[in-house]
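My entries follow in the order I made them.

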Amino acid sequence: MSSDHHALPHIETEGNFEFTNGKFAMWLLIVSDAMAFIGFLGAYMVLRISAVGEPSLTGLPWQPAWSLPMDLILTGLNTFVLICSSVTMVKALAALQDGNQAGLKKYLAMTMLGGAFFVSFQYYEWTHFVHEGITIQGMKLVDLDTAMTRGAAAGNKLTKLEMAAQMYGKRRFEGTPDAPAALPTGKGAQDFRSGNFTEAEYLFLELAVRDRANADLRPVQGGIIHHTAYGVPGTTNDPKGRTGRELQEELEAAEPAQRGSVIQAHRAAGSRVASLFCSSFYVLTGFHGLHVAVGVLYLGILLIRAFQGAYTRANSSIIEVAGLYWHFVDLVWVLLFMLIYLI
Amino acid sequence: MHLLEATDFNVTTTPWLVILGLCVLMALVRLIAPKFYSHYLWSGDHKMIGKQFLVSSLLWAVVGGALALGVRWQLAWPGSEVPGFKALFGWPDGGAAPEHYNIMFTMHASVMIFFVIIPLLVGAFGNFVVPLQIGAQDMAFPFLNALSYWLMWPAFIFMAFSFYVPGDGAGAGWTSYPPLSETMLGDGQTLWCMGVWFVGWSSICGAVNYITTIVKMRAKGMTLFRMPLTSWSILITSILVLCATPVLGSAVTMLLMDREFGSSFFVPAARVVSDAAQATGGGQVILWQHLFWFYSHPAVYILVLPAMGMVSDMLANACRKPVFGYRPMVYSLIAIAFLGFVVWGHHMFQSGMNPALGRTFMIATMMIALPSAVKTFNWLATIYRSQMQLEVHTLCSLAFVSMWIIGGLSGIFMAATPVDIQIHDTYAIVAHIHYIVFGSTLFSVFGAIYYWYPKMFGRTMNKPLAYTHFIVTFVAFQFTFFPMHVVGSRGMLRRTADPYFYGNLQGMLPVNQLMTVAALILGAAQLVLAINFFWSMFAGKVCTERNPWKATTMEWNTPTPPVGHGNFDVIPEAHRGPYEYADPDAAEDFTPQFQAPAGSAKPVPHAH
Amino acid sequence: MSHQDHAHPAATAHAHPPYLKVFALLVALTVVEVVVPFVLTGSRGIAATLLIVISVVKILFIARYFMHLKFDAKILGLVACAPLVCASILSFVLLWDH
């Protein structure tokens with residue numbers, strides 16, 4: 001029992017690691033931050049895998065052909081800027097370790113500029129998306145012609161009818177796609193012929209509404225019935241100030257012949273189709289962008305202190321710790337860029 | 001809905017304004033009374049922060065306890081007004097309406113878990129005890145430590161406000177499963193999310209600090225395997241917090257996004273959320289359950305591991321014997337923590353999860369019984385044939401071990417999928433969780449309060465009152481929670497405002513009334529603790545002895561109470577393992593870690 | 001300490017990890033990544049696998065050289081592995097259950 005005292009004449013000091021408390025704590029913070037990203041990425045993974053490949057009764061494809069395609073080249077350049085800022089960060093540390101104060105300031109400033117550029121580009125990308133009707137709430141309804149233009153720009157070769165199927169839901173109908181047996185007749189057909197909306201658009205609207213009339217309360221494909229002016233009340237900009245729900249009720253109550261004008265009201269009101277792609281895109285890039293923004297502030301403080309001559313070789317670990325955070329943000333972007341933009 | 005629109009501005013800004021007001025108030029105090037400010041408010045001293053956590057958690061326990069009594073009241077006298085609730089929460093029905101019942105059980109669990117148990121174990125005792133036990137002068141980052149306490153305050157404010165907004169509070173259960181938590185109108189649920197978010201930040205700040213402190217700042221000679229089990233358990237718990245809490249953070253962020261900004265992570269197809277038209281989002285409700293339990297199952301161990309550590313310390317001290325199997329105790333802590341990460345699905349057997357996964361989770365869950373049994377038998381072996389000193393903390397530790405056995409055994413039953421399908425969402429589950437979290441954890445906290453009180457405040461608590469508190473609490477506890485096993489296995493559902501609506505449950509009213517009366521006594525007994533705690537702080541018997549319990553660990557090598565910022569008036573050094581009781585070679589029946597060996601003046605005694 | 005800072009500039013400069021080489025590698029891999037979706041339009045599976053592999057390589061280089069894991073105490077590498085373990089558990093279950 002008492003052998004312990006005699007067996008250990010020397011004192012073990014496991015507490016003496018070479019690294020500073022700050023460096024260890026930053027690694028721990030990185031672990032916990034990584035876990036937060038893993039939470040979001042896990043959600044992204046599940047939602048994306050379970051998203052249907054093509055329009056179905058319960059959902060949109062992950063990124064429908066008519067949604068705004070992302071500009072890979074521009075975002076790739078932005079990624080390049082972030083990698084540059086990562087290498088300038090290690091250069092700053094190396095300069096400090098070599099006793100090169102001017103180099104430290106120069107490289108810190110470059111790192112900060114790189115980060116600021118990255119956030120600014122992200123801001124530009126977001127505003128561009130919002131301008132095109134893609135928000136966290138979903139995708140704005142576009143008309144078939146715009147959808148065709150966007151689809152062509154993204155390199156897909158859908159026919160107009162296929163595109164309408166993507167937008168309004170694929171429905172089984174009799175006849176061939178080119179000569180469907182369920183073409184509307186009567187008053188609706190007149191309306192159709194009067195050119196208010198296209199053949200495919202009318203067809204799918206008609207079928208979608210009929211599905212609901214058959215007491216099938218499952219949601220039909222997003223597009224017309226399942227537009228949403230989501231979340232925050234008053235986001236529609238309908239001239240009459242109707243909410244998304246009121247518009248929907250109006251649509252369901254309207255005579256078939258009147259529905260075309262209701263749909264146009266929806267478009268005017270900026271109704272959106274809820275989309276998991278949109279939700280994930282904004283939350284993931286937003287969370288990452290927040291990290292970059294925080295990093296830019298962090299670097300800014302370091303830069304001011306560097307101009308005051310606060311850093312020497314002896315306390316270079318302060319720069320190293322900031323670098324750890326910055327490289328972690330870069331590392332996460334490698335993952336996000338691959339998962340969101342490339343795959 | 002219109003209610004929501006009309007009041008949107010007020011509810012979302014008022015808590016923020018109150019937080020701002022708190023900041024201004026703190027700044028004013030800093031100007032007017034800087035010493036008071038740096039000693040009692042923004043103190044970097046781990047001992048003061050521990051006391052801050054202790055006092056605020058005990059105050060929140062009053063709220064959580066009142067809500068629990070509200071729940072019990074409804075189960076005994078359904079549809080009647082709970083006394084005082086009309087005035088307390090401003091509910092015209094005094095808590096009789098089913099939606100208020102939902103709010104009561106939701107907030108009871110949320111308050112007890114996030115504001116009472118976790119801050120008590122990790123925040124209060126972790127803070128106070130760990131640096132003293134490992135021989136550090138303070139935590140590694142005093143600022144971060146203070147931040148981790150003051151981040152609790154936004155959480156306090158959000159949760160407190162959630163009772164007074166349209167909708168009267170969060171009522172989707174503490175698990176907040178969507179779609180209910182998404183469709184719940186009113187801002188209570190949103191404020192709940194904000195509160196949990198801030199609690200998460202507080203926990204993470206604390207965890208980073210504990211791990212760094214324990215890894216880097218141990219005193220000379222304090223090797224990892226000379227650390228007392230309290231410090232070990234806080235280290236392991238902090239690792240759990242560090243890896244699990246952020247996942248809850250991201251889940252709650254997504255829930256907030258869904259509720260406030262119209263994303264659709266957890267919005268299933270064909271659901272209507274806050275005035276929106278039907279969405280084809282097709283979000284995944286089970287995804288929330290996975291992410292939530294990925295945090296909340298490890299959180300169950302966050303709720304009990306530090307209690308295990310403290311009980312090990314107190315039992316060794318009370319029994320005057322070394323903890324039986326110190327290293328297995330450490331290894332089983334690690335094993336429980338690791339297994340805690342791979343068993344969360346046992347909360348979801350009924351969720352429609354893949355059945356193959358259910359089987360995997362069932363087996364993993366049953367494996368936790370192994371390290372748990374190692375711990376249990378080691379405690380029993382520590383107690384076995386010991387000369388036990390029947391102090392109050394001894395009684396509390398014994399209560400811990402025995403309640404842990406009962407709660408742990410019912411846990412094994414629940415781990416089996418077929419049994420769980422039978423008793424899922426019944427009072428059997430409620431009995432299990434309360435045997436662990438009240439029966440085990442809270443009794444160990446009571447014990448820890450009595451044990452470390454002299455070191456904290458330099459006074460001892462009144463013994464007769466302490467014994468009274470323990471005995472009444474223990475007996476009332478059994479009458480409150482044991483019958484829940486019975487009514488639960490006979491099918492009484494939890495989270496049901498008026499279970500007697502169902503014919504098969506009508507016969508259970510008398511048992512429930514018995515449980516409620518016992519619960520009222522249980523609640524009243526806590527007044528004794530509160531009186532004893534606050535009265536002794538100012539008028540208790542002064543204790544200046546460094547080591548009143550004749551304990552072996554490092555915290556008893558400081559002045560009582562430790563004076564000022566910085567703990568030790570001697571250079572702390574550990575010379576041996578933490579539990580050198582009953583050493584036949586030693587003069588006394590205990591040899592503290594900090595006592596230098598007899599021949600220590602010679603560096604190498606057996607050199608020649 | 002300043003005399004030390006300037007005493008052996010060449011020696012200390014050589015002591016730094018090859019940052020610029022790693023940088024060049026990262027840029028090259030990024031270019032490949034951006035090109036992949038344009039070239040491998042037909043086979044999404046192959047493209048996805050390739051992209052994941054490239055990302056893992058990039059992450060390893062950032063962690064080992066820029067974050068100095070290659071040169072630091074082993075315990076830091078151990079700490080860095082913790083989220084990987086958690087992530088694999090979580091994604092294993094989520095993918096099995098989706």
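**Entry 1: an aromatic pair in chain B**

I started with W16(B), which is partly exposed at a relative accessible area of 42%. My cut-offs: buried is under 20% relative accessible area, exposed is over 50%, and partly exposed lies in between, with a 1.4 Å probe and protein chains only. F158(B) is buried, at 1% relative accessibility.

Before going on I noted the ground rules. This is a predicted model, where local features need pLDDT of at least 70, side-chain atom pairs count only at pLDDT 80 or more, and totals for chains, interfaces and linings use all residues. Residues are numbered from 1 along each chain as its sequence is written, chains are lettered from A and ligands numbered from 1 in the order in which they are written, and side-chain values use heavy atoms, with hydrogens and water left out.

Next I ran the ring search. Rings of Phe, Tyr and Trp (its six-membered ring) pair if their centres lie within 6.5 Å; planes under 30 degrees apart are stacked, over 60 edge-to-face, and the rest tilted. The search returned 76 aromatic pairs over all chains. W16(B) and F158(B) are one edge-to-face pair, with centres 5.1 Å apart and 75° between the planes. W16(B) sits in helix α1 (residues 2-32) of chain B and F158(B) in helix α7 (residues 152-161) of chain B, so the pair ties together parts 142 residues apart in sequence. For these elements, helices (H or I, at least four residues) and strands (E, at least two) are DSSP runs, numbered from the N terminus.

**Entry 2: further rings**

I then checked F85(B) and F89(B). Their ring centres are 5.2 Å apart and their planes at 80°, so this pair is edge-to-face. The two residues are four apart in helix α4 (residues 85-89) of chain B, which separates them by about one helical turn. Are they buried or exposed? Both F85(B) and F89(B) are buried.

In chain A I found a cluster linked by ring pairs. Its members are F118(A), W126(A), F129(A), F277(A), F281(A), Y282(A), W333(A), F337(A) and Y341(A).

**Entry 3: salt bridges**

Side chains of opposite charge can pair when their charged atoms come close. My rule asks for a side-chain nitrogen of Lys or Arg within 4 Å of a carboxyl oxygen of Asp or Glu. How many salt bridges are there over all chains? I count ten over the whole structure.

D45(B) bridges to K47(B), with the closest N and O atoms 3.2 Å apart. D45(B) is buried at 9% relative accessibility. K47(B) is buried too, at 3%.

R320(B) pairs with D589(B) at 2.9 Å between the closest N and O atoms. This pair links distant parts of the chain, 269 residues apart: R320(B) is in the loop between α12 (305-319) and α13 (326-340) of chain B, and D589(B) is in the segment after β2 (541-542) of chain B. R320(B) is buried at 9% relative accessibility, whereas D589(B) is partly exposed at 32%.

K463(B) meets E391(B) in a salt bridge of 2.9 Å, N to O. K463(B) lies in helix α19 (residues 463-489) of chain B and E391(B) in the loop between α15 (369-383) and α16 (392-415) of chain B, 72 residues apart. K463(B) is partly exposed at 40% relative accessibility, and E391(B) is buried at 18%.

**Entry 4: chain C**

Chain C has five helices and zero strands. Buried residues make up 39% of its 98 residues.

**Entry 5: chain C against chain A**

I took contact as heavy atoms within 4.5 Å. The contact draws 44 residues from chain C and 46 residues from chain A. The two chains bury about 4000 Å² between them, 82% of it on carbon and sulfur atoms. Buried area here is the accessible area (1.4 Å probe) that two parts lose on being put together, summed over both.

I found one salt bridge between chain C and chain A. D72(C) and K23(A) form it, at 2.8 Å, N to O. On the side of chain C that touches chain A, α5(C) gives the most, with twelve residues.
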